[in-house]
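Reader: I would like to learn how to read a few features of a structure. Please show me the model first.

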Amino acid sequence: MVTYSSHYCADCHKHFNIDLTDLAPPGGHDTNRVIDLAVRVVVEESLPYRPARGHLWRDHRVFVPFATIQHWVEAGGKKGARAHGRRFSGVGA
């Protein structure tokens with residue numbers, strides 16, 4: 001659960017929320033922390049995607065479809081960066 005503020009601009013008559021891109025990718029449903037954890041479970045522990053999904057649920061109570069984990073891992077592996085722009089350290093990865 002994330003608590004954030006909503007604001008109103010009297011000049012342009014628009015509502016807007018604070019920037020949360022440091023917590024989660026724009027339009028995403030999961031935080032950067034969940035993405036990091038899922039990629040780490042697959043890469044460092046060499047778990048296939050479906051068992052990684054079970055690990056995330058069992059140990060962290062986070063449900064992520066295995067196809068989503070696959071997309072995150074493939075985005076990180078092909079370009080050398082994770083799905084939200086951070087790079088692997090190279091140690092243990």
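Reader: How many aromatic pairs does the count come to by the rule?

Author: This is a predicted model, where local features need pLDDT of at least 70, side-chain atom pairs count only at pLDDT 80 or more, and totals for chains, interfaces and linings use all residues. Residues are numbered from 1 along each chain as its sequence is written, and side-chain values use heavy atoms, with hydrogens and water left out. A pair of aromatic rings is described by the distance of the centres and the angle of the planes. Rings of Phe, Tyr and Trp (its six-membered ring) pair if their centres lie within 6.5 Å; planes under 30 degrees apart are stacked, over 60 edge-to-face, and the rest tilted. Here the count is zero.

Reader: Which charge lies over the face of phenylalanine 66?

Author: A charge sits over a ring if NZ of Lys or CZ of Arg is within 6 Å of the ring centre and within 35 degrees of the ring normal. Arginine 50 does this for phenylalanine 66, at 3.8 Å from the ring centre. Arginine 61 lies over the face of tryptophan 57, at 5.1 Å.

Reader: What is the phi of arginine 61 near?

Author: Most residues other than glycine have a negative phi. Arginine 61 has a positive phi, near 55°. Serine 46, also not a glycine, has a positive phi of about 55°.

Reader: Is serine 46 buried or exposed?

Author: Buried means under 20% relative accessible area, exposed over 50%, and partly exposed in between (1.4 Å probe, protein chains only). Serine 46 counts as exposed because its relative accessibility is 58%. Arginine 61, at 56%, counts as exposed, whereas leucine 23, at 38%, is partly exposed.
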